[in-house]
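Have a look around the picture before reading on.

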Amino acid sequence: MPMPAEEIQGLILAAFPDAQVEITDLAGDGDHYAARVVSAAFRGLPRVRQHQAVYAALGGRMGGELHALQLTTVVPD
Amino acid sequence: MTDTQARIGDIVNSSDVVLFMKGTPLFPQCGFSSLAIAILDRVGVEYASVDVLQDAEVRNGIKQFSDWPTIPQLYVKGEFVGGSDIMKEMYEAGELDELMAEKGVAPAA
């Protein structure tokens with residue numbers, strides 16, 4: 001079940017308005033993505049919590065509708 | 001706590017390092033699980049693996065157990081560490097070796 005990159009980006013931005021979000025379609029099939037999310041909201045959080053926050057923003061699609069999202073979270077300098 | 005959650009708790013504590021994955025270390029069934037195995041082999045620790053494809057209860061229950069939506073999932077000394085992206089980041093930063101050393105995990109024989 002493909003999911004457009006804009007939709008992923010929109011969901012992340014809705015939860016992290018300050019974020020810089022880069023989405024890469026890894027396989028060109030609309031189903032395997034990499035996302036790099038830079039947000040001050042991650043500051044002080046362990047990596048697991050940072051990723052959980054992004055998964056929460058995706059509202060349960062991760063692991064279901066969205067099979068593969070390679071996630072990198074970054075705290076801005 | 002449901003029976004499944006209790007069972008997962010037992011599995012997580014059954015070895016120092018436990019990886020929930022799709023497939024087996026020799027035949028991983030998903031690229032992310034394959035990456036997780038490659039990282040654990042490089043780190044060079046003994047680990048137990050659980051093939052969630054063989055156990056639907058665990059496959060669904062583990063997501064609730066850790067509040068984490070995907071497989072693979074790595075546990076060290078009963079504590080959830082993360083999925084393959086986090087394993088990769090930690091490995092590249094040398095943090096995974098540090099974690100294993102800190103927790104006193106035995107190197108692979």
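Predicted model: local features only at pLDDT ≥ 70, side-chain atom pairs only at ≥ 80, totals over all residues.

Chain A has two helices and three strands. Start at the N terminus and the elements come in the order α-β-β-α-β.

How compact is chain A for its length? Its radius of gyration is 12 Å, close to the 11 Å that the globule rule gives for 77 residues, so chain A is as compact as a globular protein of that length. Its C-alpha trace spans about 35 × 20 × 20 Å along the principal axes. Of its 77 residues, 26% count as buried. Now take the contacts in chain A with a separation of 6 or more: 52% of them come from residues 24 or more positions apart.

## Where the two chains touch

Ten residues of chain A are in contact with ten residues of chain B. On the chain A side, the elements that give two or more residues are α2 (47-57) and β3 (68-74). Of the elements on this side, α2(A) gives the most, with five residues. What kinds of residues does chain A bring to this meeting? They divide into four nonpolar, five polar and one charged.

## The sheet in chain B

Over in chain B, four strands form an open sheet with mixed pairing, in the order β2-β1-β3-β4. Since β2 (48-51) and β4 of chain B stand at the edges, each has a single partner strand, so one side of each is left without a neighbour in the sheet. Neighbouring strands are turned by 25 degrees against each other on average, direction ignored.

Let's go through the pairings. β1(B) runs parallel to β2(B), and four bridges join them; here M21(B) has D51(B) as its bridge partner. β1(B) is also joined to β3(B) by four bridges, but these two run antiparallel, and V17(B) is partnered with V76(B). Finally, β3(B) and β4(B) run antiparallel with three bridges between them, where V76(B) finds its partner in E79(B). That puts V76(B) in a bridge with V17(B) and in another with E79(B).

## A strand covered on both faces

In a regular strand, side chains alternate between the two faces of the sheet. What happens on the two sides of β1(B)? V17(B), L19(B) and M21(B) on one side are buried, and so are V18(B) and F20(B) on the other. In other words, five of the five residues of β1(B) are buried.

## The nonpolar cores

The largest nonpolar core has 29 residues, and those touching the most other members are V18(B), L19(B), F20(B), A36(B), V52(B), L74(B) and V76(B). Which elements of chain B give two or more residues to this core? They are α1 (3-12), β1 (17-21), α2 (31-43), α3 (56-66), β3 (73-76), α4 (84-92) and α5 (95-102).

For a close-up, pick V18(B). Leaving out residues up to four places away in sequence, V18(B) touches I11(B), V12(B), Y47(B), A48(B), V50(B) and Y75(B). There is also a second, separate core of 14 residues, which includes Y33(A), V54(A), M62(A) and L69(A).

Most residues other than glycine have a negative phi, and most peptide bonds are trans. The peptide bond from I71(B) to P72(B) is cis, with omega near 5 degrees, and P72(B) is found in the loop between α3 and β3.

D67(B) lies in the loop between α3 and β3 of chain B as well, and its phi is positive, near 55 degrees.

Key:
Residues numbered from 1 in each chain as written. Chains lettered and ligands numbered in written order. Core = buried A, V, L, I, M, F, W, Y, C linked by C-beta atoms within 7 Å. Buried ≥ 20, exposed ≤ 12 C-beta atoms within 10 Å, placed from the backbone. Contact = placed C-beta atoms within 7 Å. Nonpolar A, V, L, I, M, F, W, Y, C, P; charged D, E, K, R; others polar. Pairing = 2+ DSSP bridges. Axes fitted to C-alpha atoms, helices over the stretch in contact; angles between N-to-C directions. Rg over C-alpha atoms; globule rule 2.2 N^0.38 Å.
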